[in-house]
Amino acid sequence: MVLSKIASESDISIHSTFASRYVRTSLPRFKMPENSIPKEAAYQIINDELMLDGNPRLNLASFVTTWMEPECDKLMMDSINKNYVDMDEYPVTTELQNRCVNMIAHLFNAPLEDKETAVGVGTVGSSEAIMLAGLAFKRKWQNKMKAQGKPYDKPNIVTGANVQVCWEKFARYFEVELKEVKLTDGYYVMNPEKAVEMVDENTICVAAILGSTLNGEFEDVKKLNDLLIEKNKETGWDTPIHVDAASGGFIAPFIYPELEWDFRLPLVKSINVSGHKYGLVYAGIGWVIWRNKEDLPDELIFHINYLGADQPTFTLNFSKGSSQVIAQYYQLIRLGYEGYKNVMENCQENARVLREGLEKTGRFDIVSKEVGVPLVAFSLKDNSKHDEFEISESLRRFGWIVPAYTMPPDAQHITVLRVVIREDFSRTLAERLVMDIAKVLHELDMLPARVKAKLVMAGEAAAANGSDSASHHKTDREWELEVTEAWKKFVANKKNKTKGVC
């Protein structure tokens, strides 16, 4: 006798997801659904929607690592269920973090004796690392001012206007005045002389950037250190330096080993670096290293014992995954000095190929420097017809994500495009990008004169007619948004008119 089973409506696991009712209903957006759905359906529906995201490897806006070796991927997945903070339960993971801290400290020339343990901690990124370093500076300054019987309620930090937004967050969250050195045409990093002039008795530190987000340039930490030593001698202050090496910390030691920017300089008291940038680990890992124990006030370190043993902790958050810490250790021992040097040299060479390709078009000025983070920042020599925002928008049709942005004050009239060269960006991709940029330039040249010019004329006409809409003076950003939107409509109309034409 043949046995058979008739599937009931509830036995939905045997059906194809695309033959089920789940593809006919909208996904919940605000409230959790009342009923469960099969795991296969949940996976397929979410995976399909994620296809609309950009390709991470073609996201040239980001410094963050987008490729790792399969062996490291496996290590990360094997440890994805480990909570790093449970140090007593996962002592080997804790040991791997300590090894990373020691290796990075030696890479940054920390003044350590043989077998001396370095002072540092793993974080979820450079933003947390900067918060921790800033808190250490603030507390040390407060303790010093209290001991001298002086006011300690108005601390400040001196930085360049080119700093990443995390510095602004630190200043706002922890009530520290942010004193920014303005940029100038052709000089898009902090000027050391102007920075030292802004230092006063309430300055908790000067923050130097090793690898500006805007153009990849290294700030002159050596000159800043020398000028600040002189000012400290004249005033009796002891203003220190923090180096934000989020991008450049895993670059300079390998391809610019003679450059003095780290703990070789006496006023450098702490350094942060992003493991998930040129440390070659997926997003979620940063490091902060202190020169010695005296630079990290004891009162900022908490001790807990409710996880099984006494555990010191100095982080803003508590629980976090172990995978990125393990991945960082993998990269450090897998690649070693030789491997990191090869990777950084490859990135530097591919940046050169891209830079030279753009220069050959004759259409761009290169804003980035050859010494620095391997990226290419460039702007149009003539943007009277079409601008950098239009180029950025057009490149998305080829899959490239290339950001366009304006410089901070006082260089906000400069607009640039930026391409970050990561480990997985090959020479072939660099050459292809140059070709696609040339195609975009050709297509834009075929369009009518710049849309903004027409909008300006329309605005002037409206003003002449006394229109209320003309009374509002648009900012540069409002103009950029209006231009981009008008240009999109123009291209869409052009496509509609040419449909069906071979």
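Predicted model: local features only at pLDDT ≥ 70, side-chain atom pairs only at ≥ 80, totals over all residues.
Helix α3 lies across strands β1, β6 (268–274) and β7 (286–290), and α3 runs at about 60 degrees to β7.

Seven strands form an open sheet, and their order is β1-β7-β6-β5-β4-β2-β3. The pairing within this sheet is mixed. Strands β1 and β3 stand at the edges with a single partner strand each, so one side of each is left without a neighbour in the sheet. On average, and with direction ignored, neighbouring strands of this sheet are turned by 20 degrees against each other. At the β3 end, strand β2 (residues 156–160) and β3 run parallel and are joined by five bridges. Within this pairing, valine 158 stands opposite lysine 179 in β3.

In the loop between α3 and β1 lies asparagine 109. Asparagine 109 is not a glycine, yet its phi is positive, at about 60 degrees. With a relative accessible area of 34%, asparagine 109 is partly exposed. The loop between α5 (165–173) and β3 (177–181) holds glutamate 175. Glutamate 175 likewise has a positive phi without being a glycine, here of about 55 degrees. Its relative accessible area is 66%, and glutamate 175 is therefore exposed, the limit for that term being over 50%.

Of the elements, α3 gives the most, with five residues. By class, the lining of the largest pocket divides into 13 nonpolar, nine polar and three charged residues.

On one side, β11 is joined by three bridges to strand β10 (residues 364–366), and the two run antiparallel. In this pairing phenylalanine 364 stands opposite leucine 380 in β11. β11 also pairs with strand β13 (residues 415–420), in the antiparallel sense and over four bridges. Here alanine 377 stands opposite arginine 418 in β13, and leucine 375 stands opposite valine 420 in β13.

How many of the six residues of strand β11 are buried? Six of the six residues of β11 (residues 375–380) are buried, so the strand is largely enclosed by the rest of the structure. In a regular strand, the side chains alternate between the two faces of the sheet. In β11, Leu375, Ala377 and Ser379 point one way, while Val376, Phe378 and Leu380 point the other way, and all are buried.

The loop between β12 (404–406) and β13 contains aspartate 410. Proline 409 and aspartate 410 are joined by a cis peptide bond, with omega at about 0 degrees.

The structure holds one cavity of 30 Å³ or more, and the space in the largest cavity is about 70 Å³. The residues that line the largest cavity come from separate parts of the numbering, and they are Phe63, Val64, Thr65, Thr66, Trp67, Lys277, Tyr278, Leu280, Arg422, Glu423 and Asp424. By class, this lining has five nonpolar, two polar and four charged residues.

Terms used:
Residues numbered from 1 in each chain as written. Heavy atoms only, no water. 1 Å grid on protein atoms, 1.4 Å probe; cavity = no way out; pocket = protein on both sides within 12 Å on 5 of 7 lines; lining within 4 Å. Points joined across faces, edges and corners; volume = space filled by probe spheres on them. Nonpolar A, V, L, I, M, F, W, Y, C, P; charged D, E, K, R; others polar. Buried < 20%, exposed > 50% of the residue type's maximum accessible area, 1.4 Å probe, protein only. Pairing = 2+ DSSP bridges. Axes fitted to C-alpha atoms, helices over the stretch in contact; angles between N-to-C directions. Contact = heavy atoms within 4.5 Å.
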